[in-house]
Amino acid sequence: MAGGKERSMKALKEVWKRAENSLCADCGKPDPDWASSTLGVFICLSCSGIHRNIPNISKVKSLKMDYWDDAQVQFLAKHGNAVTKAIYEAHIPIYYYQPTYNDCQVLREQWIRAKYERKEFTEPGKQLPYSDGVKEGILWKRGRDNGQFLPRKFLLSEREGCLKYFTKQDAKEPKINVKIDVINATFQPEKIGNPNGLQITYLKDNKTRNIFVYHESGKEVVDWFNAIRSVQFHYLKVAFPIASDNEIKNRLTRNFLKEGYMEKTGPKQREAFKKRWFTLDHRRLMYFKDPLDAFAKGEVFVGSGENGYSVQKGLPSGTQGNFSWNYGITIVTPDREYLFTCETETDQLEWIRAFTSVINQAMTPQEYASKCLDAVSFPS
């Protein structure tokens, strides 16, 4: 008995250490130490918890703590991540967002359910709820002024190239009508206070407008997210006919590079520093009094190093404004310096790393055209 158990464990380790099984099959996290004995995939602890919620399809066990018999090991050896992915991920639409271990629970759960439970990607040309170019339904939207979430009708149309929402079900005219090419969508469960919280942003008069929504159904809100990406993809295919699919895919929805509180001072740099919520959306650095504000109080363009932009640790000597946080950051632009302070050194270093990643990138022609945002400075 002991010899059989040792033999089984040795065979398990051999399958486990194959290169194809070195990353979680669902989120890509390194060194997965769980596996599904019914699907044959190697997964991380976090994804194993999602698999447990579909026990009729996936039964998970620890590779370190649980016993695997010979038949189960042979099943893993026959399958593994590469074979199983070839079945369940055979026909993923190019625009579909495939989450990583850094993404929120609802994205990862619906990705796993889409693959194994609903089998959305096993057949070519399958009709999907986010692929037909139009989506209509109710989302709970946060009011701009009162902060209450109320049901609102949303309509997404590829033919019209826009997203609309209506304050009443029978309303003839939409409250907003936003062109699809200026929209971004990113999941914000912690900020919104709902596990299915989605932040939709768009440009209005060259300023960023935020809309915060959620849906009780995780599947429905992720379907909305991928429907937006689908419509954007097809719109951009027409707008940029010579661009590759991957180039267009990289221009779809994006996560913010960094968000959090910092203190800021005004342009004269003698005013008291004030605590504000900051969002770095690629080259747009915006600040808000509250994380759920509809409009930024100010924003600034963050260009490239070759165009005179840099980030420095600390504040200039002789800075006069009073501040309560001691970890300073200075953003240097061709026009002026912007001064910030962070509460901890960890926050300071993370912000510097985020700014540096943007400044080190060469600017595109489109970014040169949008450089007029430099005129939109932070007021005091």
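Biologist: Which residues of helix H4 (residues 80-88) are buried?

Modeller: In this predicted model, the buried residues of H4 are Gly80, Asn81, Thr84 and Tyr88. Buried here means under 20% relative accessible area, so each of these four falls below that cut-off.

Biologist: What puts these residues on the same side of H4?

Modeller: They cover an arc of only 115 degrees around the axis, and therefore they lie on the same side of H4. In general, an α-helix has 3.6 residues a turn, so residues three or four places apart point the same way.

Biologist: What covers the buried residues of H4?

Modeller: The cover includes strand E2 (42-43), helix H3 (70-78) and helix H5 (105-117). Contact means heavy atoms within 4.5 Å.

Biologist: How many of the 380 residues in the chain are buried, as a percentage?

Modeller: Buried residues make up 49% of the chain. The accessible surface comes to about 18,600 Å², and carbon and sulfur atoms hold 49% of that area.

Biologist: Which residues does the annotation "domain: PH" cover?

Modeller: According to the unreviewed UniProt entry, the annotation covers residues 132-233 and 255-360. Residues 132-233 are 20% helix and 46% strand, with end C-alpha atoms 12 Å apart. For residues 255-360 the values are 14% helix and 38% strand, and the end C-alpha atoms lie 19 Å apart.

Biologist: How far apart are the mean positions of the positive and negative charges of the chain?

Modeller: The mean positions of the 56 positive and 46 negative charges are 2 Å apart.

How values were computed. Residues numbered from 1 in each chain as written. Predicted model: local features only at pLDDT ≥ 70, side-chain atom pairs only at ≥ 80, totals over all residues. Heavy atoms only, no water. UniProt positions renumbered as here; feature names shortened; annotations may be inferred. Helix = DSSP H or I, 4+ residues; strand = E, 2+ residues; numbered from the N terminus. Buried < 20%, exposed > 50% of the residue type's maximum accessible area, 1.4 Å probe, protein only. Areas by Shrake-Rupley, 256 points an atom, 1.4 Å probe, with all protein chains shown as cover. Lys, Arg positive; Asp, Glu negative; His and termini not counted. Charge placed at Lys NZ, Arg CZ, Asp CG, Glu CD. Arc of directions from axis to C-beta.
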